[in-house]
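Take them one at a time, and try each before reading its solution.

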Amino acid sequence: MDNKAENSPRDRIIETALRLFYEQGYIATGINQIIAESQVAKATFYHHFSSKENLCVSYLQVRHVVWMGWLRSSVEKHTSIEDRIKGVFGFLSEWMTKCNFRGCAFLNIASEVPSLNSKIRTEVVKHKDDLRLYLKQMLSRLKASDKRYNNINIKKDVDMVYVLVEGAIVASQNYGQAWPVKAARDAACILLNIDI
């Protein structure tokens, strides 16, 4: 049985956008293609989404939940906080390889929508803020876990680890290889005084 037929029209539209926006890009993907591939009428599309921009906002909101779920599921398999921090980079390496180095859906969209005042860029920033918060929670736990980590400056070090994560994603996408993720992992370990 076709699973698409079981899903609501809105869900089918978002599922189609999840695939096409990530694979082809936001600008290259037309509404008519989304309508055809999600098997809905044009009126149905516009009933749920008044514009391509509004669909993109919904796409990013769903992608955020999915991606953060992947990250948490992978990282939280580890017992120690040190291994969880290293696990962030392990997840990045696995994810980048699985997606054939397509990169971050949010950064890809941001490069196509340069206006900082758009609803789309607001969703990109929300996603990145949640990622920074997740890293901050881990570094706070690390600092509280052992006196070896008393020198961690939460604000400064979270920002540096966050930039290492983002840089690893971009460089890995650019080179089509996982070595930048390992380099970022090693740099984060050195920064935080975690055994490599």
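**Exercise 1.** Find what sits over the ring of Y26.

*Solution.* The charged end of K52 does, 4.6 Å from the ring centre. The test asks for NZ of Lys or CZ of Arg within 6 Å of the ring centre and within 35 degrees of the ring normal. Likewise, R102 lies over the face of Y22, 5.8 Å from the centre of that ring.

Before going on: this is a predicted model, where local features need pLDDT of at least 70 and side-chain atom pairs count only at pLDDT 80 or more, while totals for chains, interfaces and linings use all residues. Residues are numbered from 1 along each chain as its sequence is written, and side-chain values use heavy atoms, leaving out hydrogens and water.

**Exercise 2.** Describe how F21 pairs with Y26 and with Y59.

*Solution.* Step one: rings of Phe, Tyr and Trp (its six-membered ring) pair if their centres lie within 6.5 Å; planes under 30 degrees apart are stacked, over 60 edge-to-face, the rest tilted. Step two: F21 and Y26 have centres 5.3 Å apart and planes at 70 degrees, so they are edge-to-face. Step three: F21 and Y59 are also edge-to-face, at 5.2 Å and 80 degrees.
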